[in-house]
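Dear colleague,

Please find below the sequence and the structure for your files. My notes on the structure follow.

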Amino acid sequence: MENDLKKLVGQRLQLLRQEKNLSQEEMSERLDLSLSAYRKIEYGDTDITLTRLNKIAEIFDMPAVELFSRIDGNTQFNNCQHFIGYAQHNNTVNLSNPEDLRALIKANAMLIEMMDKRIKQLEESQRK
């Protein structure tokens, strides 16, 4: 299951990269990764953190929430017992564990707060 999700994320990131007309070399440079390390992300051979996904969103010039939405697409995970998303320490979140759910909610709240601050910054820059 984990490998399927990593491969799905990698494939979606590859499609988005191609939409933006960026090469793997350009992405690896912008992410300060070796080319082989970046390729492992696209091939689904390595875990990707929320911090790295946020940096990818910046490179694609889109909010992180939009990137997450584009990665998710129409994929349904209704029958999954685990959701890979709280990747601060490359952990798997067990949806039946209250502590994992709290950690996931906290991570999402922090992401929302960060995006709210970014929206306010953009609104302020447009007023000037």
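Which residues are buried in helix α5 (residues 64-72)? A64, L67 and I71 are buried there, where buried means under 20% relative accessible area, exposed over 50% and partly exposed in between (1.4 Å probe, protein chains only). Because these residues cover an arc of only 55° around the axis, they lie on the same side of α5; the arc is that of the directions from the helix axis to the C-beta atoms. In general, an α-helix has 3.6 residues a turn, so residues three or four places apart point the same way.

Before going further, please note that this is a predicted model, in which local features need pLDDT of at least 70 and side-chain atom pairs count only at pLDDT 80 or more, whereas totals for chains, interfaces and linings use all residues. Residues are numbered from 1 along each chain as its sequence is written, and side-chain values use heavy atoms, with hydrogens and water left out.

Overall content and confidence

The chain has six helices and two strands, in the order α-α-α-α-α-β-β-α from the N terminus on. Helices (H or I, at least four residues) and strands (E, at least two) are DSSP runs, numbered from the N terminus. Of the 128 residues in the chain, 30% are buried. Among contacts between residues at least 6 apart in sequence, 54% join residues at least 24 apart; contact means heavy atoms within 4.5 Å.

The average pLDDT (the predictor's confidence in each residue, from 0 to 100) is 77 for the chain, and 79% of the residues score at least 70. Confidence is highest in helix α2 (residues 24-30), at a mean of 96, and lowest in strand β1 (residues 82-83), at 34. Over residues 74-91 the pLDDT is below 50, and this stretch has 31 contacts in the model beyond near neighbours in sequence.

The packing of α4 and α5

Helix α4 (residues 50-59) packs with α5 at an angle of about 100°, their axes being 8 Å apart. Axes are lines fitted to C-alpha atoms, for helices over the stretch in contact, and angles run from 0 to 180 degrees between N-to-C directions. The two helices, α4 and α5, are therefore roughly perpendicular to each other, a term that covers 65 to 115 degrees. On the α4 side the contact involves L50, L53, N54, I56 and A57, which meet A64, L67, F68 and I71 in α5. Eight residues of this contact are nonpolar, one is polar and none is charged. Ala, Val, Leu, Ile, Met, Phe, Trp, Tyr, Cys and Pro count as nonpolar, Asp, Glu, Lys and Arg as charged, and the others, Gly among them, as polar.

Individual residues

S28 belongs to helix α2 and is buried, with a relative accessible area of 5%. Leaving aside neighbours within four places in sequence, S28 is in contact with L33, S34, L35 and Y38.

R39 lies in helix α3 (residues 35-42) and is partly exposed, at 30% relative accessibility. Not counting residues up to four places away in sequence, R39 touches Q24 and E25.

Most residues other than glycine have a negative phi. D32, in the loop between α2 and α3, has a positive phi near 60° and is exposed, with a relative accessible area of 71%. In the loop between α4 and α5, D61 also has a positive phi near 60°; D61 is exposed, at 69%.

Yours sincerely

How values were computed. Angles under 35 degrees count as roughly parallel, over 145 as roughly antiparallel, 65 to 115 as roughly perpendicular and the rest as oblique.
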